[in-house]
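Could you walk me through this model, strand by strand and ring by ring? I'd like the cut-offs spelled out as we go.

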Amino acid sequence: MRIFGKLVLVILLSQEWRTSDAVGMKILKLCISQKTCESCLQASSSCAWCSDWSYSNSTLGRPRCNVPERLELFGCPTEEIRTTSSGSKEVLENSNFQDMAAGRTPIQLRPQRIKVKISSHSKIMIPIHYRLAKNYPLDLYYLMDLTWSMKDDKDTLVSLGWNMSNTFGKITNDFRLGFGSYADKPLMPMTFPGHEDNPCRSEHAVCSPLYSYWHHLRLTYDTEQFIKEVNNSLVTGNVDNLEGALDGLMQSILCTDEVGWAPQARKIILVATDGRLHFAGDGKLGGVVKRPDFKCHLDERKQYSQATNFDYPSLAELSRLLQKRKINLIFAVTEDRRLEYELTAALLQEKARVATLSSDSSNILEIIENSYHQITSKVILRDNSSSPLRVEYFSNCTRKDTSEHNNSECDDIQEGQVYDFNVVLSIDKCPADENQWKQTVVIEDALASEVSKVVIDVDLICGCNCKDSEDSHCEHGTNECGLCKCNFGWSGETCKCDESSLVNNVLQCMERNSTKICSERGECVCGKCFCDEGYKGQFCECTDCDKIDGIECSNQGTCQCGVCQCIEGWQGNACQCPSTDDLCIAPGTEEVCSGHGYCDCGECRCNVTALDELYYRGTYCESTISTGGSGLCVLYNSCANATINEPDRVNEFCQTNVTTYKTEIVKSVDAANEHYCIAVSVKEKTICHIPYVYEFQKNNTVTLKIGDKICKIQINTATISFTIIFGAVFIILVTCLLIWKCWTSIQDKREYEKFILEQKKTVFSLNDNPLFKPATSRFTVPPMYKED
């Protein structure tokens, strides 16, 4: 099974090498199947179309859509080969970065205008650069909830007004302030019946009649006027705890002239409130169901006049308005309302953010300053591209430790730092509507002004430039890239078939001296034969040619009525075989199949038994099963040695007159590989083995994948012999010493046991020695003498 697996591997490698210099079969099938110039060039960037009239007709097997080199080999004039344009780009305007100054507009993005031509299945990369401008103009519109609960907050804002100049001076030298207020729709149930003139009656107080939105002050540089308008504004009241902020936001965005929005300024609306929001659909509570018309409706008092006729706008509609007018929204709300407003801001995407407002709005200046820095410390690029054009952004935001990735946003923007983006435009397929072949893509800095943008004029290269040309071949039509486009009532290859003349049409489907219509192999339609499967020709008189992978004559010849006429260098019934033995000669050699086989259709057929009675195998019959190894290793050993041991001599050993050996250092080499080799080098007393495998590549080259060198030091034979003898003598002596030690130990043990046995046989006490004589004598006085 292992041998079988290796044989399968060799066959697969052989097939891969054999087709290495041919275009992928999938691309060929895709190209050949196209019937018009437009579809051909859009199918793949590898496809080309021959627009020469004489190149092909219904009887010749030469497809007009093919790869360019095949069209040229099949006889298409070079000037008639239509290919997909590679596209182009041209910078039309590229002014340098510019900070804000009197009489000029700040520039943060460059280039400002580009013209691009792009074809299907292609990409064009455009570098874009961003730098934050100093003193960028700021338009801040303060939209305040002036219901009864915000009365104290209005007074606080008046007291803080004189500090605004200092606060905004830290941000930019060019700022304007505007002021508006909102409450709710003057309808039931937003107010009590009879309380319309004084909705604060239930609080035993007097306040302004209920209104939806009131524009008090146009954007101005006059801070004192701003404070005055805030101070003079009147609070009002409503019944429920929901407010009509969305009405106020919509009108303050749409009323551009009344509010005074400047196109070159960064625009911010600050909404200060302690209440919740009414959403789209809530107007039904007061009988209002009509969707807003998104027009400015301010009366002579500058109040929203259509509040009782139009419902509140939806968040999606508000988000689109913010995006279109490039206005940033800040919700300054009390802590108990922060969560619900954060959810609302998330739906409005990057154009909205939330800040916590203290109970008396005393931190409003801090909110403005912090929010402004949040906006200016981030760049977000957005565009208006539409299908089929695709726009992608790549940047690492100047972070050296991060590789460039798909990204259109950068945080922590630093003043004076340039941030680079690569914008990639691509298109997969041209749209059928020619009106979409020209597009204008606008790339904007989403958080800056309306003038901070890059404009790209895109021309999609679609169709062919050989349409509608007058030609004598098309009798009642026009020549479109080698094919006739017939006028109404006419058909056929040359538009000479009158669809109203049935008899003549039938005669055009019959060969001369024949009575068979379409050779009885097809159907005649308006003088043209539509052949049954397997037949072709003007009268279906020809059979299909042999196919390889579904392609007639392997795209290496033309089909002449069932017979393949191969181009030079190919042969076989389907032109599938090279006419030379070049594919059977291993790179670096001159022998066909290493002299151990013969070449059959570009593949080596190894002899079952060669003259040396060995069985050979491999792509070039270079290996044997019985002895193992490859006969080609000797060709590549010197290159492997030079790559590891003498890198400066690689060019000398790694190329021949006909081929070049490419080398690649790898961590490990598969010893079971069919093409496994070992290069041996000897230097002084060191022997080194360099394992590697060789692989056959395109263009008659070989790649050597070389592993780590393994070295061993040679040892002197005499030294080895002396060491062996000395070791043997030492082992014998040690063995004898051990034997002697064991023998003496056994003898001692026997003597000790004999001693113990004799000791047990003695009759005297073990405590007295019969031979012992004490050194003292003992005398006893008779008892009778003791009494005296």
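**A walk through the model**

Let's start with strand E23 (residues 453–461), which is mostly covered, with 7 of its 9 residues buried. Buried here means under 20% relative accessible area, exposed means over 50%, and partly exposed is what lies in between (1.4 Å probe, protein chains only). Strands (E, at least two residues) and helices (H or I, at least four) are DSSP runs, numbered from the N terminus. Before going further: this is a predicted model, where local features need pLDDT of at least 70 and side-chain atom pairs count only at pLDDT 80 or more, while totals for chains, interfaces and linings use all residues. Residues are numbered from 1 along each chain as its sequence is written, and side-chain values use heavy atoms, with hydrogens and water left out.

What does E23 pair with? Two strands pair if DSSP finds at least two bridges between them. Strand E7 (residues 113–119) runs parallel to E23 and is joined to it by 7 bridges, with Ser 119 standing opposite Ile 461. E22 also pairs with E23, this time in the antiparallel sense, again over 7 bridges. Within that pairing, Val 441 has Ile 456 as its bridge partner in E23.

Strand E22 (residues 438–445) is also the place of Gln 439. With a relative accessible area of 12%, Gln 439 is buried. Leaving aside residues up to four places away in sequence, Gln 439 touches Ser 386, Ser 387, Pro 388, Leu 389, Ile 456, Asp 457, Val 458 and Leu 460. Contact here means heavy atoms within 4.5 Å.

Next, an open sheet of 5 strands, in the order E6-E8-E21-E18-E19 with antiparallel pairing. Strand E6 (109–110) and strand E19 (405–406) stand at the edges with a single partner strand each, so one side of each is left without a neighbour in the sheet. On the E6 side, the pairing with strand E8 (residues 122–131) is antiparallel and rests on 2 bridges. Leu 109 has Tyr 130 as its bridge partner in E8.

Asn 396 is partly exposed, at a relative accessible area of 24%. Its contacts, not counting residues up to four places away in sequence, are Thr 402, Ser 403, Glu 404 and His 405. For a sense of scale, Asn 396 and His 215 are 181 residues apart in sequence and 44 Å apart in space, C-alpha to C-alpha.

There is another open sheet to look at, with 6 strands in the order E11-E10-E9-E13-E15-E16 and mixed pairing. Strand E11 (213–220) and strand E16 (352–356) are at its edges, each with a single partner strand, so one side of each is left without a neighbour in the sheet. Neighbouring strands of this sheet are turned by 20° against each other on average, direction ignored; the axes behind such angles are lines fitted to C-alpha atoms, for helices over the stretch in contact, and angles run from 0 to 180 degrees between N-to-C directions. Inside the sheet, E9 and strand E10 (residues 175–182) run parallel and are joined by 8 bridges. Tyr 141 has Gly 178 as its bridge partner in E10.

Now for the rings. A search of the whole structure finds 9 aromatic pairs. Why is the pair of Tyr 142 and Phe 226 edge-to-face? The ring centres of Tyr 142 and Phe 226 are 6.5 Å apart and the planes stand at 75°, so the pair is edge-to-face. The rule is that rings of Phe, Tyr and Trp (its six-membered ring) pair if their centres lie within 6.5 Å; planes under 30 degrees apart count as stacked, over 60 as edge-to-face and the rest as tilted. This pair links distant parts of the chain, 84 residues apart: Tyr 142 is in strand E9 (residues 138–145) and Phe 226 in helix H7 (residues 223–232). Tyr 142 counts as buried at 1% relative accessibility, and Phe 226 does at 2%. Phe 168 and Phe 175 form a stacked pair, 4.9 Å centre to centre with 25° between the planes, and both are buried. Tyr 142, Phe 179 and Phe 226 form one aromatic cluster.
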